[in-house]
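Have the model open as you read.

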Amino acid sequence: MHTEETETQAGDFRRASFFRRLAAIIYDALVATAVAMCAGLIIQAVLLVLFEFQLIDTKGHEHYMDLFQVSDSLKLIANVWVGFWVASFFLWFWKHGGQTLGMRAWRLKIYNLKDEKDISYARLLLRMLTSFLGLGTLLVLFDYKHKQSLQDRIAQTEVLFLSKEANDHKSW
């Protein structure tokens, strides 16, 4: 009979189950959506001001949204801006405490398997890119023994299920 979490080499904690990870992903998706909406509002406001003061080429459009709908470059700028802020949300929380808000709510934390030092931003970015928007976590369903996601295998990290005491994050 296998338990919800699997034992790990990182001490007293066990690797997190798929369903606990999924709950954290859903929670974080809601927060990331809010971050994206705020970032989108900011970039649209900036582009609108630039349009109104004719600091960007209006291409004969009277209204900003008319220009935005036909301009691939403005859409690209807006999407890159929003993507940067959403990615920054995850990277910052993973780097500063090993937990996003959803992970903290579900008592999960990322730990480094490569060495005892903090996980670098480069490895965290690799972890993010190889998660394929969370789909890499599906591997946990099939890996009964190790309970590791694709992104954790590639970035040499693990997600552990913490006790209530260990989840107390006074350094935030």
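## How α1 meets α3

Helix α1 passes helix α3 in a right-handed crossing; that term applies if the near helix is turned clockwise from the far one by less than a right angle, and left-handed if anticlockwise. This is a predicted model, where local features need pLDDT of at least 70 and side-chain atom pairs count only at pLDDT 80 or more, while totals for chains, interfaces and linings use all residues. Residues are numbered from 1 along each chain as its sequence is written, and side-chain values use heavy atoms, with hydrogens and water left out. Helices (H or I, at least four residues) and strands (E, at least two) are DSSP runs, numbered from the N terminus.

The axes of α1 and α3 are 9 Å apart, and the two pack at about 140°. Axes here are lines fitted to C-alpha atoms, for helices over the stretch in contact, with angles from 0 to 180 degrees between N-to-C directions. α1 and α3 are therefore oblique to each other (under 35 degrees is roughly parallel, over 145 roughly antiparallel, 65 to 115 roughly perpendicular, and the rest oblique).

Who touches whom? On the α1 side, the residues in contact (heavy atoms within 4.5 Å) include Val 31, Val 35, Ile 43 and Leu 47. On the α3 side, Leu 74, Trp 81, Trp 85 and Phe 89 are among them. By class, this contact has 17 nonpolar, two polar and one charged (Ala, Val, Leu, Ile, Met, Phe, Trp, Tyr, Cys and Pro count as nonpolar, Asp, Glu, Lys and Arg as charged, and the others, Gly among them, as polar).

## How α3 meets α5

Helix α3 spans residues 72-95 and helix α5 residues 121-130; their axes come within 10 Å and cross at roughly 125°. That makes α3 oblique to α5. The crossing of this pair is right-handed.

From α3, the contact takes in Ala 87, Phe 90, Leu 91, Trp 92, Trp 94 and Lys 95. From α5 come Tyr 121, Leu 124, Leu 125, Arg 127 and Met 128. Nine of the contact residues are nonpolar, none is polar and two are charged.

## The largest pocket

The largest pocket has a volume of about 550 Å³. Its lining has 24 residues, and Ile 25, Phe 90, Trp 94, Ser 131 and Gly 134 are the closest to its centre. α1 (18-52), α3 and α5 each give two or more residues to the lining, and α1 gives the most, with six. The lining divides into 15 nonpolar, six polar and three charged residues.

## The second largest pocket

For the second largest pocket, the volume is about 320 Å³. Its lining has 17 residues, with Ile 110, Tyr 111, Asn 112, Lys 117 and Asp 118 nearest the centre. Strand β3 gives the most, with four residues. The classes here are seven nonpolar, three polar and seven charged.

Technical notes: 1 Å grid on protein atoms, 1.4 Å probe; cavity = no way out; pocket = protein on both sides within 12 Å on 5 of 7 lines; lining within 4 Å. Points joined across faces, edges and corners; volume = space filled by probe spheres on them.
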